Amino acid sequence: MAKIMLASDYQEGAHPRIVERLVETNLLATPGYGTDAFSAAAREKIRAACHCPEAEVHFLIGGTQTNATVIDALLHSYEGVIAASSGHISVHEAGAIEFGGHKVLTLPHHFGKINASDLAVYCEENLHDGNREHMVIPGLVYISQPTEYGTLYSRAELTAIHDVCQRYQLPLYVDGARLAYALACPANDTMLADLATLTDAFYIGGTKCGALLGEAVVFPQGGRVPHFFTIIKQHGALLAKGRLLGLQFDTLFTDDLYLHIGQNAITAANRLRAAFTAHGYALAFDSPTNQIFLTLTADEKEKLDTVVESSFWEAPDTDHTIVRLATSWATPLDKVEQLIAALD
């Protein structure tokens, strides 16, 4: 049996509906930089899905560029961004935020999440620190939905963090690289409209969620960042053929495709988690979304590597390795069953 590829959730190309529309419109000449009719239609559909008619929507080329651009745009030069110690900008973006001149100020994570009480303590201590003017001042809070651990912020948790941010006048920004997998998860109760109500900015992931590339940044309050278009270009995150992004999001938000595209990934991940557990494999930590984390002995890893492509997560000790498997919108369920059969 050929290996099933589960090292990440962006290994496949694009959803067939997107490919069809890209082919159909391939030779159509349109204005550049997202000023085309496809992008305009996508913005309207995203506003409608978020129940936020005044939202400002921009299309950027990738997740790291999006985080670096939005965070830089929302911060003053002397400010940093608060994030979980496990957060994507803290660990897996090669220092992109620091490269842009802003320090990442980390809080302890709880299975990938920060909590409101830790955030409040941090903000209060910083506010009353006698050396505050000599320090990096927190100017923004960053979280992701789902988190790096595949866990979810409930609406209550998000509301509590939002309330702390309001108290200390800190914008709240949500990284939604895998947002489709949160929206498709039965354990989730935080919807697009909640993000539009409780955050100052968030992005809707495309790269990991059925698009060839691209992310959609949403500012629920239009004009939140003056000249954001120009800032996007400064950061190299603006696509000249912007209609390629707009058309993809127009397709993803037609007939609620984005709200359902993650269901296949959740089904596959749940099936695999149950099978791994039944076969005696240890979950490093549980996740209700599309990421599976296994703690493997050297022998288990050697055997598993013959049938599935995973990604290294961490080595908790000299005898074990934690690996991550990530299902996607396109993970073949028959391949999942073949993998489970191979475990026998």
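Helix 2 passes helix 11 in a left-handed crossing, in what is a predicted model. To place the pair, helix 2 covers residues 37–49 and helix 11 covers residues 243–252. Their axes come within 7 Å and cross at roughly 40°.

Now look at who touches whom. On the helix 2 side you'll find Phe38, Ser39, Ala41, Ala42, Lys45 and Ile46. They meet Arg243, Gly246, Leu247, Phe249 and Asp250 of helix 11. Sorted by class, this contact between helix 2 and helix 11 has six nonpolar, two polar and three charged residues.

Next, hop over to another pair, helix 6 and helix 7. Helix 6 runs over residues 116–127 and helix 7 over residues 155–167. Here the axes come within 9 Å, with a crossing angle of roughly 15°. Because angles under 35 degrees count as roughly parallel, helix 6 is roughly parallel to helix 7. As for handedness, helix 6 passes helix 7 in a right-handed crossing.

So which residues of helix 6 meet helix 7? They are Ala116, Leu119 and Ala120, and their partners in helix 7 are Ala160, Ile161, Val164, Cys165 and Arg167. The residues of this contact between helix 6 and helix 7 split into seven nonpolar, no polar and one charged.

Definitions and conventions: Residues are numbered from 1 along each chain as its sequence is written. This is a predicted model: local features need pLDDT of at least 70, side-chain atom pairs count only at pLDDT 80 or more; totals for chains, interfaces and linings use all residues. Side-chain values use heavy atoms; hydrogens and water are left out. Axes are lines fitted to C-alpha atoms, for helices over the stretch in contact, and angles run from 0 to 180 degrees between N-to-C directions. Helices (H or I, at least four residues) and strands (E, at least two) are DSSP runs, numbered from the N terminus. Angles under 35 degrees count as roughly parallel, over 145 as roughly antiparallel, 65 to 115 as roughly perpendicular and the rest as oblique. A crossing is left-handed if the near helix is turned anticlockwise from the far one by less than a right angle, and right-handed if clockwise. Contact means heavy atoms within 4.5 Å. Ala, Val, Leu, Ile, Met, Phe, Trp, Tyr, Cys and Pro count as nonpolar, Asp, Glu, Lys and Arg as charged, and the others, Gly among them, as polar.
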